[in-house]
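Here are my notes for your review. Please read them with the coordinates open.

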Amino acid sequence: MGRVPNVTRADAQAALRNPLDFIAARWTPDPRTVRRAALAALVMSVIIVITGGAVRLTGSGLGCPTWPKCTDDSLTTTSEMGLHGVIEFGNRLLTYVLSAAVGWAIIAARSQKPYRRSLTRLGWAQFWIVMSNAVLGGIVVLVGLNPYTVAAHFVATSALIAVAVVMWQRTREGDAAPRPLVGTAVRQLVWAMVAASVLLILVGTVVTGAGPHAGDSSEVERMPVDWETVSKVHAVLAWIVVTLAFALWFVLKAVDAPRAPLARTRELFVILLAQGAIGYVQYFTDLPEVLVGLHMFGSCVMWIWVLRVLLSLRERPETDADLTVPAAQASRATSASIAGPR
């Protein structure tokens, strides 16, 4: 066992004032640790979508009929509430796991040397999205699964995924100004694809809000639109995104673009085709729960790869500050190593 560091009263007071600074002074994570922490937050943000979908598809949306408690008298689910209560309460518990993953990403980013403020801010952005979305999830329960609040709940999670993707990408880059790898016309094409993807996700939430999977066996309010008509609009938008992805791949090949944008675009095109196949099969088979769940997962993967395509269009090399630890930080690191194991 290593020697226990000698923590003074001043150290304890400093830890209470700013625990992140206290940890950063005593721990310098490997760059791979920071990348893994950011990836863990991204993976958990996708998992929470899958489990949230399971809550809706199993009719467990009101398994815990109130919030923040599961019932008026119990913080947790009770045996009388059966499987629906377990599924709904389990999804609530996963919010704490997601919060822990985001917290780990924040701590790892804050402790990295040299300190990168932009990376830490991305971690904190995820934290506040998680907290606000947890409150929104409680509102969803309190208003009886109102479809508009359910849609907002999913959109907020999509925003969380977007920030998590950006943070994961930034852990593998430097802090120099971004340098474009392709021309302006190509970047405009990608931004058009991003906009179409956002519309695709938004219309998808309307399909959910008007469709048959309301989230509970009771009479739950639905959006007052024709479900099949909205589904067809959703399909048209999906084909627009597919067409833009194929056009982008063709243009990148024509201009002999770098390998990364080409690879990400090719991967996105395959993902879109698979997602479209699942969408059509579920539509013509009366929306079986398993396929709807796969389609939700595919939506997350599609959104991640759209953002990866966007981020692959530029590079951010390391700055001089990235390559050398400032003398003041090196001095603090040396002092921390003398005080105890890091």
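**Notes on the model**

1. Contacts first. Of the contacts in the protein with a separation of 6 or more, 79% join residues 24 or more positions apart. Keep in mind that this is a predicted model.

2. Overall make-up. The protein has twelve helices and two strands. Read from the N terminus, the order is α-α-α-α-α-α-β-α-α-α-α-β-α-α.

3. Burial and surface. The protein counts 342 residues, and 45% of them are buried.

4. The main core. The largest nonpolar core holds 72 residues. Ile161, Met193, Leu268, Met302 and Trp303 have the most contacts inside it. H10 gives the most, with twelve residues. As background, nonpolar side chains in soluble globular proteins tend to be buried together.

5. Trp303. This residue is among those with the most contacts inside the core. Which residues does Trp303 touch, not counting those up to four places away in sequence? The list is Ser158, Ile161, Ala162, Val194, Ser197, Val198 and Ile201. Ile161 is itself one of the residues with the most contacts inside the core.

6. Gln126. Is Gln126 buried or exposed? Its relative accessible area is 1%, under the 20% limit, so Gln126 is buried. Gln126 lies in helix H5. Neighbours within four places in sequence aside, Gln126 is in contact with Ala41, Val102, Leu160, Val163, Ala164 and Met167.

7. Cysteines. How many disulfides does the structure hold? There is one. Cys64 and Cys70 form it, with their sulfur atoms 1.9 Å apart. The link of Cys64 and Cys70 is left-handed, with -70° about the S-S bond. Both of these cysteines, Cys64 and Cys70, are buried.

8. Cys300. Why does Cys300 count as buried? Cys300 has a relative accessible area of 4%, and the limit for buried is under 20%, so Cys300 falls in that class.

Technical notes: Residues numbered from 1 in each chain as written. Predicted model: local features only at pLDDT ≥ 70, side-chain atom pairs only at ≥ 80, totals over all residues. Heavy atoms only, no water. Disulfide = S-S within 2.5 Å. Buried < 20%, exposed > 50% of the residue type's maximum accessible area, 1.4 Å probe, protein only. Core = buried A, V, L, I, M, F, W, Y, C linked by side-chain atoms within 4.5 Å. Helix = DSSP H or I, 4+ residues; strand = E, 2+ residues; numbered from the N terminus. Contact = heavy atoms within 4.5 Å.
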